Amino acid sequence: MQDINYNALASKFSAKYRSNEIEKISNSTFDLIIIGGGITGGGILLDAASRGLNAILIEKSDFSSGTSSKSTKLIHGGLRYLKKFEFNLVRKVGKERKIANSNAPHLVLSKKMLLPIYKNGNLKKWQTRLALKIYDFLAGVKGNERYKILNTKATIQKENLLKSDNLLGAGYYAEYTTDDSRLTLEVIKTAITYGASAINYCKASKLLKYNNKISGVSCQDLKTENIFNLYAKNIINASGPWVDKICRLDSSSISKNICHSLGIHIVIDKAILSLKNPVYFDTDDGRMCFAIPKEHVTYVGTTDTIYNSDIENLKIEEKDIYYLIKAINNAFSMKEIDRKDVISAWAGLRPLIFKKNTKTSELSRKDELIISDSGLITIAGGKLTGYRLMAKKVVDKVCNLENLNKKCKTRQVKLIGSEFIAKFTLDNYYNIINKKLEKFNLDKNISNYLVSKYGSQSEEIINIFNNNKLKHIVEAEAIFCIKYENTHTLLDFFLRRSGKIYYNPKLVINELKIVSAVFKDKLNINDNNIFLQEKEVKESLIMT
Ligand code: FAD
C-alpha cells in the first residue's frame with residue numbers, strides 16, 4: 001500500500017489554498033461534475049476518479065453537512081427491510097458491509113447487535129431466528145460471525161440494563177458501525193489523491209445548456225460571492241434531500257422524485273446509559289429504535305416522520321426528544337432518564353423515493369437513477385451503506401453514455417487512513433499510536449480517539465504536535481484539518497471533522513478558545529468573524 005499523498009491534499013484540499021484551487025478549475029471542462037458533497041456525491045467522485053475520469057464535486061455547505069452526518073451511523077443491510085420483502089436490497093447492501101470494513105477498518109467497525117425478544121414484542125422468537133437466518137444468508141455472513149439466539153440469562157449477561165420482565169431472549173448478530181461524516185470526508189479525500197477536485201461552500205446556482213442539452217454549472221462561491229462556471233456533458237445531481245431543487249434548475253416543470261422523512265437521535269452520557277453492545281429494541285408504538293454506545297456516550301434513534309417544512313433549517317422538536325426518552329425508559333432499567341440527561345441531538349432528512357399514498361416508514365430505501373431530457377443525471381434515495389454501489393451505477397451509466405471502457409475499481413480502493421493495515425491489525429495500531437503518545441505524556445484515550453477518527457493519519461497529527469512544540473494535541477488536530485481537510489470554520493471542526501459537539505460537548509467548551517486561536521492564526525480570521533464562529537459553536541451546544 002502506498003504512503004498517504006499529503007502533497008495532493010495540501011495543494012488541492014487545504015482550506016488555506018481553496019481560492020487557488022477555484023482559480024485553477026474555473027471555466028474548465030470536466031468529464032463529470034457532481035453536485036452534492038454527501039456520501040453519494042463523494043462516492044461518485046471516488047469511483048470516477050479511480051477509473052481515470054476527470055471529475056469535480058461542488059458542495060454548497062461543508063462536506064457531509066446534509067444527511068451524511070445525521071444518520072444512525074450503521075453500515076447495515078437493514079434487517080427491517082426483510083419485513084417488506086426487500087431481499088435484493090438487503091442482499092446487496094448487506095454484502096457491502098464487509099467491503100466497507102476491509103477498505104476502512106478504523107472507520108467501519110464490526111459490532112454485534114443485540115435484538116431483545118419479549119413476550120408480545122414486535123418479533124417472536126421463531127420470527128427473529130428466521131429473519132436473522134435470511135439476513136446472514138443474503139449478506140453472506142460466515143463462521144463465527146453468524147447470528148445466535150440467546151436465552152434470557154445470556155441476554156441479561158450481555159446487557160444487564162435490559163428490562164427482564166417478559167424477556168424471552170435475544171438475537172445476537174453481525175453489524176457494523178461507522179462515523180458517517182468522517183467516512184464521507186475520507187472518500188472525498190481519497191478521490192483527491194486520484195486527481196479529482198472538490199470544493200465546499202460552493203453552490204450550484206444555475207445549470208448551463210447548449211442546444212437544450214446540459215453543458216455546465218454556474219457556481220457561486222459562498223465565501224466570496226464570486227460566480228464561476230464549470231463545464232461538462234455529464235452533470236450528476238447527488239444532492240440528497242435537495243435533488244428536486246436541482247431538478248427544478250433543469251426544468252421549469254415541478255418534479256417530485258423524493259419525499260422527506262425526518263429522523264432524530266438523542267445522545268446520553270455513558271455514565272447514565274452505559275450499554276456494552278448496540279441494541280435494536282421495540283418501542284411501545286410498534287416501531288424499533290437503535291441504542292448505540294460510542295466513545296463517552298450512547299446515542300438513540302431514530303424517529304421517522306414525514307417532513308414538509310423548510311429543509312434548510314431542520315428543527316429538533318421537543319416532542320421527538322421526549323418520544324425517544326420514553327422509548328429508552330421503557331426498554332432499559334437504569335434510573336429513569338429525563339430531558340436534562342440529553343447532552344446533544346441531531347436531525348436528518350431521509351431522501352426517499354416518492355410514492356403516492358405510502359407512509360414514510362413504508363417507503364423503500366432503494367436508490368433510483370433518473371435522466372432528464374436535457375441529460376441531467378439524478379441519483380435519488382439510497383443508504384449510506386450502499387454508497388459504493390450507487391456510485392458504480394452512476395459512473396457505469398456515464399461510461400456507457402460516453403462509450404468508455406473503464407471498469408469500476410472501488411471494491412479494492414482503500415480509503416485514506418487505512419494504510420496501517422499493511423503492517424498491523426487495528427488493535428496493534430492503537431498500541432503503536434499509544435506508545436508514540438506516551439513519549440509526550442498524553443493518555444491512552446487520545447490514541448483511541450485519534451485512530452478511530454484519522455487511522456494512519458494520526459501519525460501526521462503527532463508529527464505536527466511534535467514539530468511545532470505545541471501544548472495541546474487538539475491544536476495539531478485543528479492544523480491537520482485546516483491543512484488537509486478543507487476545514488474553514490470552528491463548526492466544521494467541532495461538528496463534522498471531530499464529532500465532539502455530539503459525543504463530547506463538555507470537551508468542546510474546554511477546547512473552544514484553543515482551537516479558535518489556531519483558526520484565527522492559520523486562516524487570518526478577523527476578531528469579529530472568530531467571535532461569530534465561537535457563538536455558532538456555543539449555540540450548537542445549546543442542548544447541554
Ligand atoms: P446528503 O448527505 O444530504 O448530501 C447532499 C448534499 O448536497 C448536501 O451536503 C447539500 O448541502 C448538497 N447540496 C444541495 N444543494 C446543493 C447545491 N445547489 N449545490 C451544491 N451542493 C448542494 N443509511 C445507512 O446506511 N445507515 C444508517 O444507519 C442510516 N441511518 C439514517 C438515519 C437517519 C435519521 C437518516 C435521515 C438517514 C439514515 N440513513 C442511513 C440514510 C443515509 O444517511 C442517507 O441515505 C445518506 O446520508 C444520503 O447521502 P446523500 O449524499 O445522498 O445526501
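Predicted model: local features only at pLDDT ≥ 70, side-chain atom pairs only at ≥ 80, totals over all residues.
The helix that gives the most to the lining of the largest cavity is α4, with 4 residues.

Residues are numbered from 1 along each chain as its sequence is written, and side-chain values use heavy atoms, with hydrogens and water left out.

Back to the cavities. On a 1 Å grid over the protein atoms alone, a cavity is a set of points where a 1.4 Å probe fits but cannot get out; a pocket is an open set with protein on both sides within 12 Å along at least five of seven lines; and lining residues have an atom within 4 Å of a point. Points are joined across faces, edges and corners, and a volume is the space filled by probe spheres set on the points.

The structure holds 2 cavities of 30 Å³ or more. For the classes, Ala, Val, Leu, Ile, Met, Phe, Trp, Tyr, Cys and Pro are nonpolar, Asp, Glu, Lys and Arg are charged, and the others, Gly among them, are polar.

The second largest cavity has a volume of about 60 Å³. Its lining residues include S69, K73, D179, R496 and Y503. α7 (180–193), α15 (490–497) and α16 (500–503) are the elements that give two or more residues to this lining.

Next, the second largest pocket, at about 830 Å³. Of its 33 lining residues, E295, N445, N448, Y449 and S452 lie nearest the centre. α12 gives the most to this lining, with 7 residues. Other elements that supply at least two include β4 (109–118), β14 (288–294) and α17 (505–522). The lining has 13 nonpolar, 9 polar and 11 charged residues.

Where does this pocket lie? Domain 2 (105–177 + 258–361) and domain 3 (423–540) both give residues to its lining, so the pocket lies between them. The domain bounds come from an automatic or database domain assignment.

Last, the ligand. There are 38 residues around it, and T40, E59, S68, L74 and T385 come nearest; a residue is near if one of its heavy atoms lies within 4 Å. The shell has 12 nonpolar, 19 polar and 7 charged residues. Domain 1 (6–67 + 181–256 + 364–412) and domain 2 both contribute to the shell, so the ligand lies between them.

Which backbone atoms come close to a ligand nitrogen? A backbone N or O atom of L74 lies 2.7 Å from one, and a polar backbone atom of K60 is 3.0 Å from one. A ligand oxygen is 3.1 Å from a polar backbone atom of G382. The protein covers 97% of the 1000 Å² of accessible area that the ligand has on its own, by the Shrake-Rupley method with a 1.4 Å probe.

Terms used. Polar contact = N/O pair within 3.5 Å; in protein donor to acceptor, adjacent residues only side chain to side chain.
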